[in-house]
Amino acid sequence: MKGLEKLADDFFEEAEIKFECIEGTRYIYVSSFDSKTGSVKAFLDVKNDSEIIRIVAIHDQKIPEDFRDEVARFFIKVNYNIIIGSLQIDLSDGEVRYVNTIDTEDIEYTVPALKRAYFLPLIMLGRYMPAVMRIVYANFTADQALEFVNAEIQASQAPEEPEEEHFDTGSGYVDPDTDDEGRFDVNDENDPGNF
């Protein structure tokens, strides 16, 4: 067994992912995952005598013909900002996939690095398929779908709101029910801050 095939075997064993290996002029490892928008098949493709690993995640949801052009426009807009890999649609049958290719020539590729590369297409389909579903089922345009994704990303990265704090300004009195932060009315003779 050659280096990249051994690396792939080690990765699947360590990650405890069930897979099928198709041998021949290349090794193709196939595994399946469920997502919120359907099932995804992941293929890890290692060609014999090559330093290239190709990872392809294919969503089971085929895009109806009437929506393929809009989904393609959406993917073009998204791919403009993606650094690694790309979203793709087959305009002839509506298949949606994310492809990630790695050149391992002159570097020692590790199981943790392969794990990151392998799961990237699954994560990216998980991130963008809800917007694709909105194009198909809610008649979103590519721009509306992109706005939806950006809002989802922004919401997931927003810091949590800190709990409201009540500060004592030195008077020794803070009323959490009225959110009074120790400010007293100097003209009120019943105010505990007046002497």
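Start by selecting Asp93. This is a predicted model, and here Asp93 has 30% relative accessibility, so Asp93 counts as partly exposed. Buried would need under 20%, and exposed over 50%.

Look at the ends of the two side chains. Lys62 and Asp93 form a salt bridge, and their closest N and O atoms are 3.6 Å apart. Side chains of opposite charge can pair when their charged atoms come close.

Where along the chain do Lys62 and Asp93 lie? Lys62 is in the loop between β4 and α2, and Asp93 is in the loop between β5 and β6. These parts are 31 residues apart in sequence, so the pair ties them together.

**Next stop: Glu95 and Arg97**

Are Glu95 and Arg97 buried or exposed? Both of them are buried. Salt bridges with shared partners join Lys62, Asp93, Glu95 and Arg97 into one network.

How many salt bridges does the whole structure hold? A search finds five.

**Next stop: Asp143 and Lys77**

Clear the view and select Asp143 with Lys77. Here is another salt bridge, at 2.9 Å from N to O. The pair links distant parts of the chain: Asp143 sits in helix α4 and Lys77 in helix α2, 66 residues apart. Asp143 has 42% relative accessibility, so Asp143 counts as partly exposed. Lys77 has 34%, so Lys77 is partly exposed as well.

**Next stop: helix α2**

Select residues 65–79, which make up α2.

Which residues of α2 are buried? They are Arg68, Glu70, Val71, Ala72, Phe74, Phe75 and Val78. Now show what surrounds them. The cover includes β5, β6, α3 and α4.

Zoom in on Phe74. Leaving aside residues up to four places away in sequence, Phe74 touches Tyr128, Ala131, Val132, Ile135, Ala142, Ala145, Leu146 and Val149.

**Next stop: helix α4**

Select residues 142–157 for α4. This helix has 16 residues. From first C-alpha to last it reaches 23 Å, close to the expected 22 Å. Color its buried residues: Ala142, Ala145, Phe148, Val149 and Ile153. Look down the axis. These residues cover an arc of only 130°, which puts them on the same side of α4. What covers them includes α2 and α3. Turn to the other side of α4, where Glu147, Gln154 and Ala155 are exposed.

**Next stop: helix α1**

Select residues 3–15 for α1. It has 13 residues and reaches 18 Å between its end C-alpha atoms, close to the 18 Å expected. Its buried residues are Leu4, Glu5, Leu7, Ala8, Phe11 and Phe12. The face turned away from them carries exposed Gly3, Glu13 and Glu14. Step just past the end of α1 to Glu16. Glu16 takes a positive phi of about 55°.

**Next stop: strand β4**

Select residues 52–59 for β4. Six of its eight residues are buried, so β4 is largely enclosed by the rest of the structure. Which strands pair with β4? β3 pairs with β4 in the antiparallel sense over seven bridges. β6 also pairs with β4 in the antiparallel sense, over eight bridges. Find one bridge of each kind. Lys41 has Ile58 of β4 as its bridge partner. Ile53 has Ile102 of β6 as its partner.

**Last stop: the largest nonpolar core**

Select Leu44, Ile53, Phe74 and Tyr118. These residues have the most contacts inside the largest nonpolar core, which has 47 residues. You have already visited several contributors: α1, β4, α2 and α4 are among the elements that give two or more residues to this core. Which element gives the most? Select α3 to see it: α3 gives 15 residues.

Definitions and conventions
Residues numbered from 1 in each chain as written. Predicted model: local features only at pLDDT ≥ 70, side-chain atom pairs only at ≥ 80, totals over all residues. Heavy atoms only, no water. Core = buried A, V, L, I, M, F, W, Y, C linked by side-chain atoms within 4.5 Å. Buried < 20%, exposed > 50% of the residue type's maximum accessible area, 1.4 Å probe, protein only. Helix = DSSP H or I, 4+ residues; strand = E, 2+ residues; numbered from the N terminus. Contact = heavy atoms within 4.5 Å. Expected span 1.5 Å × (residues − 1). Salt bridge = Lys/Arg side-chain N within 4 Å of Asp/Glu carboxyl O. Arc of directions from axis to C-beta. Pairing = 2+ DSSP bridges.
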